[in-house]
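Please look through the sequence and the structure before reading on.

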Amino acid sequence: MSKFVHLHTHSEFSVLDGMSRVTEIVEKAVEYGHSAVAITDHGNMGSVPKFYEEAKNNKIEPIIGQEFYIVEDVKKTEKGEQSHHLVLLARNYDGYRTLCRLSAIAAENFYYRPRIDHNILRYFGSDLKDIMATSTCMSGEIPNAIMNNKPKKAKRLLSFYNSVFPNFFLEFMQHGDVKSRDRKERKFAEDEEKINETLWEYHTKYDIPIVVTNDSHYPEPTDSWNHEFLLAIQTGAKIDDSSRFKFRGDGYHITDTSDMRNHFPKAIWKASEQSMDWITKNTRIRIPELENKEHYLPSTGVKSPSREVRRLSIVGVNSRVPVSKHKRYIKQLDYELEVIKKAKVENIFLVADDYVKDAKKHDKEVGSGRGSMAGVLTSYLMGITDVDPIRFNLSFERAINPARPSLPDFDIDFDDKDHVVAYLRKRYGTENVLQIGTLNRMHPRSTLQKILKCLNYDFRTAVAYSQQLPDTGEMIANRSSRDIREILEVAAPDIKQLLDDDPRILELMVKFDGLVQSVGKHAGGVLISAPGQPIRDIVPITKISAEKEPVSQFDKIALEKQFGFVKFDILGLSTLRVIKEIKRLVDNEDLFKDFPDNDNLDDEEVFKLINSGSLTGIFQLEGFACRQAIPQIGGIHDFEDIVSIASIVRPGVTQFIPVFAANRKKKNKFKKVNVQSGSNEKGTIKIHGIKKLDKILESTEGVILFQEQVMAIAQHIAGFDMIRVDDIKEKIKAKATDEFDDMRLDFINGCVEQGYKIKTADYIWDMIRRAAGYLYNRAHAVSYSLITYQTAYLKANYPLEFFTVCINMAREGKKDRQLVALHDEALDLGIKFLRPSLTRSETWCNIEDDKIRMGLAMVKGVGETTASEIVSTRNEMGVRRTLKVLPKKVLRVNVIKALKEVGAYGNKYADEDKQVALLGFSLRDHLSHYRKRIKKASYEKGNEVLFGGQVTEVRKQKTKNGDDMAFAKISFGAEQNNVVLFSDQLADFGNDFKVGNILLVYGKKQPNYSSIIPEGVELLNGN
Ligand SMILES: [Zn+2]
Ligand SMILES: [Zn+2]
């Protein structure tokens, strides 16, 4: 006897509508003994990679489908248009490809939703033979016409669907209850009955086969309420709002055969059984791309890729390497080319080389490297990357392991990534290039916040609770604690209280955690497929909005690991735009000659600048963590120090700062003793007293900072072969530190075999263990530090140009704090600013007599377009006429007002506050007399602080007991400190804390470090 099979199932990929995870759907099918199961998500097939794998592993036939949105005419885009549902199911691989192509067309016709129409279906013609279609739910076109008493229309639609699809089924659903007391529920049930009766008529009259389905949206019957809650989250409704959207009827779970049989009259069931029988016999999907573990490499069309890679590399040897070193470089190159040839990945190098060359040809700024591929000499010689791996001791094996070659993963930064993506489309064809999508999943913090919002908690309370849970970043760093129950078990006491008070919350958290909540676009991942293999035929695509470029419905892991596509990361980096703009402004041959690359990285001015703390605008170093860490480690003295500092301030690694600093002191002492004693003992300075270890960790003061260092330790100290070195690297990359202990014994034994004592081996293992979860790869760190050095070099040597460009970019990017910081640092260096002027300003800031003239676009409310229109008209006809001829559309009243207030009419500007409001800072340097004094006096020791600045805000409040208290903000350039004054402090210093006053404040930081309680105050601009 044939069994029932679910043909209408929504998974979590029916975003915030389906609650079943793909694994749950397969598990249920196994549990109920179904031979196959379909997934039919709304406008989405994102479940496929997981579904295919899980189903095959469980010997269930996956029926891949989609519930499409269908409209009358996709060319019409009317607000509030009615779209209908249409379930399509693939019978085989060709059918799957047809669904993918249909998805691509639906994405192209995106309007609020991806949409198709009748004409599109007609266009597919005989390709639809590999597809099964059903009349679908109540939102299907036919049921909808029946429900609305349009029998003629229903029949017309029936004949359309039945003729266009060789395998068309009438779909029977039964969710309503005609005896319900609720009027709306009853109406729903009656509609359902009417539809089913009419469909039965069609069946008997036209002999169209029928199937029974369950419109399942969640795994268990008991999930009904949880699912309602999910819908409330989706629609942004409160759970106790009776008018919120919910499903009528019930039973939207995954169910078993007997339950389904009981739901339907015998005749319907019998007819459905026949169809089920036919469907299970005639549906078999094998997706070859998912079966054979092959890679589909793109090609630039070169006949002999390996010869071409070698040729390009040799060109690089001649242009990038001094003759005396040729032998050494060619030796490494030959070794790499051997591995690359064995892995058959030359084409990946050629593709990357091709788009980098195109970008450079079009004057685009290309980053010096990013990620592990910067460690490959071949990339450097070909000119894809710009750091010399031999000079910086980078590891080829970190990028491509000879024992287990993986696909090279090129990550490259550009100032204009859109140019590169457009070029790729042109070069390889739109069909063969696709941007990768990402799946954003619900994580504890956002889940709790959403649940609480639905439960009527106010926004602030919801945020306050949820912020006590780890965020996504932390969760990724600590994979081991992924289980939501475990996370909640160790949560803060008030979270526990919350869960005790309302047990529903825990259940909802468990049900929702990790569900897909939206689809996004990967930062830079672009797929390029092999010639003759259009990606859209194999990968369904979607759009996030009508204007945006289409992206894949699968994430990068599925695309690379399961489908075998090759991904290239094309990333935008705004710092590259900064560098380019400064170069353009400087326009000086010397700069181009001396611009820092591999060999000239020892400009003392650069290190002096960094150590002075003038870090705004310097790539990687401007964050608070760096400002703090640089003095802690005793300053920056060479390029390696920049590499170290940029790596040591990353989350998790900061714990090593004190050790780094202490080891550095030890080393310096050691050096001094050596010099004094006249010893010329060569080699590594002792830190751990283990020669090989000290050598490996030499550049990082005996601290493990890089993945490559762990690889070197495993290879040279524990004697691991390259396979095991790769194992340990993979674990570090995946941050799978909980699996680390499995390798301990192996490591210890290896060390002992190499002649080390067990104690020594343990000591080293312990170091690795502590660092492993947080490490960077050195190739990346060095490449990025080169950009850091370059920006610092420009700031130290061309400050006027540097500040002009950075200030413009800060305003453009609406980075107000950075803007203030830049202005402040420029004043420190004695740079003068000129106010905006209708006669002299350009659109953006420019240099005028060694001063920075504010651009008109700097004035808030003016904007770039207006500013540039004013400037170009003025240049043509002079100021007077400009003011007359420019239409009101450009010179709006508020634009004129803003320009007058800021003094651009040559008038005296209105007042300071207005100027600050319009420019983001005051052109007058209030702090100028006090700047030096404040800087000199400032210090921080433990929780004790002394700082100064101008009072910019005072907010008075009452405490719970009714006492007065106040919060004040003190600004010193970009620095801002929060001060709390309770009644005692108010009595002592209340008079000093007035907006505009410039103060020196001594006080104690509160334990949470967010504010300071003053203990002593000195008024500097006394009155
Ligand atoms: Zn539907
Ligand atoms: Zn549905």
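In which loop is Glu701 found?

## Two residues with positive phi

The model is predicted. Glu701 is found in the loop between helix H31 (691–696) and helix H32 (707–716). Its phi is positive, about 50°, although Glu701 is not a glycine. Glu701 has a relative accessible area of 4%, so it is buried.

Asn149 is not a glycine either, and has a positive phi of about 55°. The loop that holds Asn149 runs between helix H5 (141–147) and helix H6 (151–164). Is Asn149 buried or exposed? With a relative accessibility of 55%, Asn149 counts as exposed.

## Helices H8 and H23

Two packed helices are described by the angle between their axes and the distance between the axes. For helix H8 (residues 224–235) and helix H23 (residues 503–512), the axes come within 11 Å and cross at roughly 75°. H8 is therefore roughly perpendicular to H23. On the H8 side, the contact is made by Trp225, Asn226, Phe229, Leu230 and Ile233. On the H23 side, Arg504, Glu507, Leu508, Lys511 and Phe512 make the contact. Six residues of the contact of H8 with H23 are nonpolar, one is polar and three are charged.

## Nonpolar cores

In soluble globular proteins, nonpolar side chains tend to be buried together. The largest nonpolar core here has 125 residues. Which of its residues touch the most other members? They are Tyr96, Leu121, Phe165, Ile287 and Phe512. Helix H3 (residues 93–108) gives the most to this core, with nine residues.

Another core, of 121 residues, lies apart from the largest one. Leu601, Ile764, Met854 and Ile870 are among its residues.

## A sheet of three strands

Three strands form an open sheet with mixed pairing, in the order E14-E16-E15. Why is one side of E14 and of E15 left without a neighbour in the sheet? Strand E14 (833–834) and strand E15 (846–848) stand at the edges, and each has a single partner strand, so one side of each has no neighbour there.

E15 pairs with strand E16 (residues 851–853) in the antiparallel sense, over three bridges. Ile847 has Ile852, in E16, as its bridge partner.

Technical notes:
Residues numbered from 1 in each chain as written. Chains lettered and ligands numbered in written order. Predicted model: local features only at pLDDT ≥ 70, side-chain atom pairs only at ≥ 80, totals over all residues. Heavy atoms only, no water. Pairing = 2+ DSSP bridges. Helix = DSSP H or I, 4+ residues; strand = E, 2+ residues; numbered from the N terminus. Axes fitted to C-alpha atoms, helices over the stretch in contact; angles between N-to-C directions. Parallel < 35°, antiparallel > 145°, perpendicular 65-115°, else oblique. Contact = heavy atoms within 4.5 Å. Nonpolar A, V, L, I, M, F, W, Y, C, P; charged D, E, K, R; others polar. Core = buried A, V, L, I, M, F, W, Y, C linked by side-chain atoms within 4.5 Å. Buried < 20%, exposed > 50% of the residue type's maximum accessible area, 1.4 Å probe, protein only.
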